[in-house]
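Dear colleague,

I am handing over the structure below, and after it I set out what was found. Please keep it open beside you as you read.

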Amino acid sequence: MIESGQTGSRHAGQDPSLAGLDTLDIAALIYRIDAGVPLLIASNDSAMSQLNLGKRFPMADPWQWLDAQLQPASGVDHPALQTGPAAEDRQWRCYHIRQHRQPLRALQLKVTPLDGGHASEKRVLVAISDITDVDSVSTQLPQSFSQLRRLIGTLPMGACIIDVEGYLRLANPAFCAFFGYTESELLNAHFRKILPSAQYEEATLRHQASFSRGNAQRRAVDVKLRDGKLRTVIVEDMICHKDDGQPLRVVFLVDITERRNFERRLEEKNRRLEYLATRDELTGLHNRRFGLELLEQSVERSQRYGERVSVAMLDIDHFKTINDTYGHAVGDTVLQEFSQHLDQALRTSDTLIRWGGEEFLLILPGIDRFAAQRTIDRLLHALRQQRLSTASLSVSFSAGVGEHRQESTDQLLEAVDSALYQAKSAGRNCVAIAPLYAGAREDESRPCSST
Ligand SMILES: Nc1nc2c(ncn2[C@@H]2O[C@H](COP(=O)(O)OP(=O)(O)OP(=O)(O)O)[C@@H](O)[C@H]2O)c(=O)[nH]1
């Protein structure tokens, strides 16, 4: 099937999503979707050698895509655009490519959206399985049934023949070896023998439909080996006729389990990377890196639309004593429960960010610094009613709050930090307001409000 080129290197931006695909012999491409137009931005070695790709990315496809029925698949029908939340959008699909001076090739594709990129930059990974061999076998099957039996017997890929009632009338050596049965154990057995029970009904309906439809069908199916293990195969089937006119179904299999598992791991890894890129692992709140982006967006909105935005830095009081007295694990639980209580008490438009250690940044859009101070006082008061962790601890925090005017985020954070320092110096368990950036009259720093 797929011929791998030289392995090891990756191309075009060294995209980590391609790592490992060469060793699994999976050809893969990455497209970036720019305003609905797919642009090829990376490829692994296998895809480069199979598809005769140059090394200059980004590039438009140097070939023509055709769908399973050999109709042009360009524009909105381009395979890289066929992604969606529905399960069938993540299935392997059949396409063909026409390349300059090359024979038509049949490919099985699976398109997986890649997360973690910039929001405006949608990227998809297209895993490719070359099924030209299967295609050429199934389209050039001999007319005579005895010739067909002989041909199937010599094929290196798993193949079998099933009658209308669903009984196996032939299983070639590759098919028997794959499922772990001897030929005699499979001959005259019903095809249910090689399926997990959950698939019986659907497989029976498909089996019946394949005789009435008569066209070749290709899809990914879970099958069950003799030892009970499940594998995923791509099934291609077609109807032929015995010399007496009796219809039979010829089925070819390609095992894609490793590829599918790899893709699942890749999807999981992408989800995890996306989570880690924006979230703090301990508390589940937004992390500092992402929080800074959110702060910059809020500040930008405030500048552009004149929206008020207040910002507060909260720091748990005497947290070191909690760690020292009850241990780090209790300290961690306090941080988690503290985050939950505060997050639940805030409006959905407010954002709580774990800034680091026992420090939290709070973005409060739409309110001035005095309203922000009242909000934080309310949080402090509510927190006092809580007992945190198994040690049933009462915890307070100090906070510095500021309101954005024309200053940069760094200047705003600096001002809020100084106010926090002031609140700590004033005895903790209180909120101090930072002076406004540009000299308004109310600029004076206010004394600490205490709950
Ligand atoms: N358990 C736990 N402790 C942490 C974590 N991150 C930071 N810390 C601890 O938080 C403590 C912060 O101590 P300090 O900066 O002295 O502050 P504090 O004891 O709260 O004193 P004040 O802020 O002045 O009230 C240090 O002991 C850190 O080790 C964490 O993720 N988990």
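Strand β10 (residues 230-241) pairs with strand β11 (residues 247-255) in the antiparallel sense, and nine bridges join the two. Within this pairing, Asp237 stands opposite Val251 in β11. The two strands form a hairpin with five residues between β10 and β11, and in the turn Gly245 has a positive phi of about 90°. Please bear in mind that this is a predicted model.

If you take the contacts with a separation of 6 or more, 55% of them are between residues 24 or more positions apart.

Next comes a sheet. As background, strands of a sheet pair through backbone hydrogen bonds, either parallel or antiparallel. Here, six strands make an open sheet in the order β2-β1-β6-β5-β4-β3, with antiparallel pairing. Because β2 (37-43) and β3 (64-67) stand at the edges, each with a single partner strand, one side of each is left without a neighbour in the sheet. On average, neighbouring strands of this sheet are turned by 40° against each other, direction ignored.

Another part to look at is helix α10 (residues 328-345), whose 18 residues reach 26 Å from the first C-alpha to the last, close to the 26 Å expected at 1.5 Å a residue. Which residues of α10 are buried? They are Gly331, Val334, Leu335, Phe338 and Leu342. Seen down the axis of α10, the buried residues fall within an arc of 100°, so they line one face of the helix. On the other side of α10, Ala329 and Gln344 are exposed. The elements that cover the buried residues of α10 include β12 (309-316), α9 (319-326), β13 (351-356) and α11 (369-384).

One of these, α9, packs against α10 at an angle of about 135°, with the two axes 6 Å apart. This angle makes α9 oblique to α10. The contact is made by Phe319, Ile322, Asn323 and Tyr326 from α9, together with His328, Val330, Gly331 and Val334 from α10.

Finally, a few details of the backbone deserve a careful look. The peptide bond from Phe57 to Pro58 is cis, with omega near -5°, and Pro58 has its place in the loop between α1 (45-50) and β3. Further along, Arg428 has a phi near 70°, a positive value in a residue other than glycine, and Arg428 lies in the loop between α12 (409-425) and β16 (430-433). Asn429 is found in the loop between α12 and β16, and has a positive phi of about 55° although it is not a glycine. Are these two residues buried or exposed? Arg428 counts as partly exposed because it has 16 C-beta neighbours inside 10 Å, whereas Asn429, with 20 C-beta neighbours inside 10 Å, counts as buried.

Notes:
Residues numbered from 1 in each chain as written. Predicted model: local features only at pLDDT ≥ 70, side-chain atom pairs only at ≥ 80, totals over all residues. Pairing = 2+ DSSP bridges. Helix = DSSP H or I, 4+ residues; strand = E, 2+ residues; numbered from the N terminus. Axes fitted to C-alpha atoms, helices over the stretch in contact; angles between N-to-C directions. Expected span 1.5 Å × (residues − 1). Buried ≥ 20, exposed ≤ 12 C-beta atoms within 10 Å, placed from the backbone. Arc of directions from axis to C-beta. Contact = placed C-beta atoms within 7 Å. Parallel < 35°, antiparallel > 145°, perpendicular 65-115°, else oblique.
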